[in-house]
Amino acid sequence: MSSFIKDPYKFTISEKDFIKVNFSNHLDWDKPIFNTIKTNIRDYLRPKQANKCCYCKRELGYDIKDVDIEHIIPKSEYSNFSFEPKNLALSCPACNTKKGEKKILNKKIVRYPTHSKNCTIVHAHYDNYNENILIHNGCVFEALSSKGSNTITVCELFRLKVVEQKAKVKISTKNKNSQLVNLIMSADQEELKNAMVELMKRIK
Ligand SMILES: [Zn+2]
């Protein structure tokens with residue numbers, strides 16, 4: 001199954017005009033006047049990406065802070081690509097933050113590329129994710145290519161294994177604690193004493 005974005009966002013004529021008048025460099029990106037356009041981009045890309053982060057493939061949240069419009073080629077380096085449709089993809093804020101302003105092109109360019117030959121990471125509009133990265137158990141990333149390997153490094157995807165492990169520990173502690181509560185609630189005196197000893201051990 002192919003897994004890249006087939007149709008990039010298409011700006012309307014009025015959106016293009018608005019950008020032309022109000023955008024001069026990448027620092028303008030965060031201005032609230034672009035919020036409506038950004039909402040349109042997010043709403044458009046969500047189903048195109050099956051609501052998944054373009055780098056870690058985890059489910060994207062629906063609150064504004066749970067999803068970022070990611071600039072594949074950093075806008076800090078190429079300001080003129082800030083509103084380039086093929087440079088925009090949705091990512092989770094963590095991947096976006098980790099990727100930051102790291103360079104992902106192996107040569108200087110003038111026009112936006114029409115292929116991903118010079119892109120060192122998986123490009124959401126050109127590269128098939130599954131041919132470059134294999135995900136095991138939703139959190140272990142195996143590189144199938146150098147692009148895959150670079151994507152894992154640039155976005156620090158290895159962080160997710162630790163995230164997953166911590167989540168599991170939290171759940172198992174919660175389960176153990178609720179088992180203990182059930183035991184105490186239904187215990188006779190001897191069992192109650194043992195449960196209290198166990199509880200004391202845990203809170204030490
Ligand atoms: Zn992500």
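How much of the accessible surface of the chain belongs to carbon and sulfur atoms? The accessible surface comes to about 12,400 Å², and 57% of that belongs to carbon and sulfur atoms. Areas come from the Shrake-Rupley method with a 1.4 Å probe; for residues, only the protein chains shown count as cover.

The model is predicted: local features need pLDDT of at least 70, side-chain atom pairs count only at pLDDT 80 or more, and totals for chains, interfaces and linings use all residues. Residues are numbered from 1 along each chain as its sequence is written, and side-chain values use heavy atoms, with hydrogens and water left out.

The chain holds 7 helices and 4 strands. These are DSSP runs, numbered from the N terminus (helices: H or I, at least four residues; strands: E, at least two). Their order along the sequence is α-α-β-β-α-α-β-β-α-α-α. The radius of gyration is 23 Å, well over the 17 Å that the globule rule gives for 204 residues, so the chain is more spread out than a compact globule. The radius is taken over C-alpha atoms, and the rule is 2.2 Å times the number of residues to the power 0.38. The C-alpha trace spans about 80 × 40 × 30 Å along its principal axes.

Of the 204 residues, 39% count as buried. Buried means under 20% relative accessible area, exposed over 50%, and partly exposed in between (1.4 Å probe, protein chains only). Contacts are heavy atoms within 4.5 Å. Among contacts between residues at least 6 apart in sequence, 59% join residues at least 24 apart.

Helix α5 spans residues 146-154. Its buried residues are Lys147, Gly148, Thr151, Ile152 and Val154. Their cover includes α3 (93-99), α4 (129-132), β3 (133-136) and β4 (140-143). Glu156, with a positive phi near 50°, follows α5.

Most residues other than glycine have a negative phi. Asn51 is not a glycine, yet its phi is positive, about 55°. Asn51 lies in the loop between α2 and β1 (68-71), and Lys57 is found in the loop between α2 and β1. Asn51 is buried, at 7% relative accessible area, whereas Lys57 is partly exposed, at 26%.

Asp28 sits in the loop between α1 (13-22) and α2 (35-48). Asp28 is buried, with a relative accessible area of 6%. Beyond its neighbours within four places in sequence, Asp28 contacts Asn22, Phe23 and Phe34.
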